[in-house]
Amino acid sequence: MGSDREEYLKEFNPKPLELIVRISWCEGKGELRLPVGKHFCKVRARFDRALDVRTGELTGAQNEVVHHWITWQEPGKRFGIQRDHKFKAGALYRVLVREYIPQGEEKFRLYYLERVLERNVKEPLLESVGSFGQRPDGGIGKAKEERLKRIKTEHRKPVVIRHVLGEFTLDSGDNRFEGQIAYLGERCLVYLEVREGETTAELQLNKLSELCENLADWDKRVKAYASDELLETANEWRGEEPRLTREQFNQELGIPALTVGADGRVEAVFENDAIFGGHFIVIDINENGKFTRAEIEG
């Protein structure tokens with residue numbers, strides 16, 4: 001095991017899994033272990049049943065010798081340990097986990113807990129103690145397509161953030177929320193990028209709200225920066241056609257699409273056929289609000 005949290009996490013697959021687990025054992029809020037890094041301790045609990053939300057596959061059979069553990073880190077505090085998760089034996093939880101990379105033949109499967117997504121889950125396949133022992137295959141083969149459809153309907157509902165600026169829906173495949181906001185009388189497409197497995201975007205929405213506090217002024221400034229950097233190039237592209245003035249250039253830019261990164265950086269993309277023949281104009285703004293790059297892309 002590594003000497004710090006980063007080294008410890010290298011022992012787990014970086015791709016997360018979404019499971020519904022039935023906790024079979026925990027001591028209080030989880031068994032407290034010795035520190036495995038400078039600022040956290042390892043805590044663990046065990047589950048005897050699990051369902052993979054993405055595939056519908058079931059884990060856990062009667063007389064199975066493999067033990068399934070969940071481990072997580074608790075941040076230290078001045079007078080003890082701050083426990084983040086409260087598990088109860090017999091209860092079902094929908095969790096985001098990363099699987100331990102086996103080092104050989106081991107009679108356990110270990111999962112690192114990224115986040116508890118839902119508590120007190122209702123899942124008939126996992127609630128019954130005998131559900132895995134009634135048939136040799138544990139009931140896995142019965143009505144598999146119907147079961148998968150129900151599982152995905154119940155447990156893969158879209159993650160939507162409702163904010164004063166608008167609604168943003170998570171596209172987990174691209175790790176970003178998508179939505180639209182009002183932009184000076186028009187609609188503006190907005191992407192809020194998140195890290196893999198994240199289902200909130202508080203920092204990104206705060207940054208977007210700051211930008212929108214004085215949107216007319218921000219719009220003028222971003223277009224002024226674009227014209228400062230690209231007006232001369234735009235007129236070179238025009239060849240024998242009349243040269244664009246700064247005002248004409250800014251007017252042609254129109255409404256951008258905005259992307260707010262997980263680190264607070266913003267990208268404004270202007271799509272306009274009249275300036276660079278269908279190429280995009282991309283403006284980068286750092287986390288401090290400073291314009292850092294204007295490029296032609298696409």
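**Aromatic rings in close-up**

**View 1. Aromatic pairs in the predicted model.** The count comes to 7 aromatic pairs, where rings of Phe, Tyr and Trp (its six-membered ring) pair if their centres lie within 6.5 Å, and where planes under 30 degrees apart count as stacked, over 60 as edge-to-face and the rest as tilted. This is a predicted model, in which local features need pLDDT of at least 70 and side-chain atom pairs count only at pLDDT 80 or more, while totals for chains, interfaces and linings use all residues. Residues are numbered from 1 along each chain as its sequence is written, and side-chain values use heavy atoms, with hydrogens and water left out.

**View 2. Phe87 and Tyr93, an edge-to-face pair.** The ring centres of Phe87 and Tyr93 are 4.9 Å apart, with 85° between the planes. Phe87 is buried at a relative accessible area of 5%, and Tyr93 is buried at 4% (buried means under 20% relative accessible area, exposed over 50%, partly exposed in between, with a 1.4 Å probe and protein chains only).

**View 3. Trp237 and Phe276, an edge-to-face pair.** Here the centres lie 5.1 Å apart, with 90° between the planes. The pair links distant parts of the chain, since Trp237 belongs to helix H5 (residues 215–238) and Phe276 to helix H7 (residues 273–276), 39 residues apart; helices (H or I, at least four residues) are DSSP runs, numbered from the N terminus. Trp237 is partly exposed at 46% relative accessibility, whereas Phe276 is buried at 0%.

**View 4. A cluster of Phe12, Tyr100 and Tyr112.** Ring pairs link these three residues, Phe12, Tyr100 and Tyr112.

**View 5. Arg176 over the face of Tyr191.** Arg176 lies at 3.9 Å from the ring centre of Tyr191, and a charge sits over a ring if NZ of Lys or CZ of Arg is within 6 Å of the ring centre and within 35 degrees of the ring normal.

How values were computed:
Helices (H or I, at least four residues) and strands (E, at least two) are DSSP runs, numbered from the N terminus.
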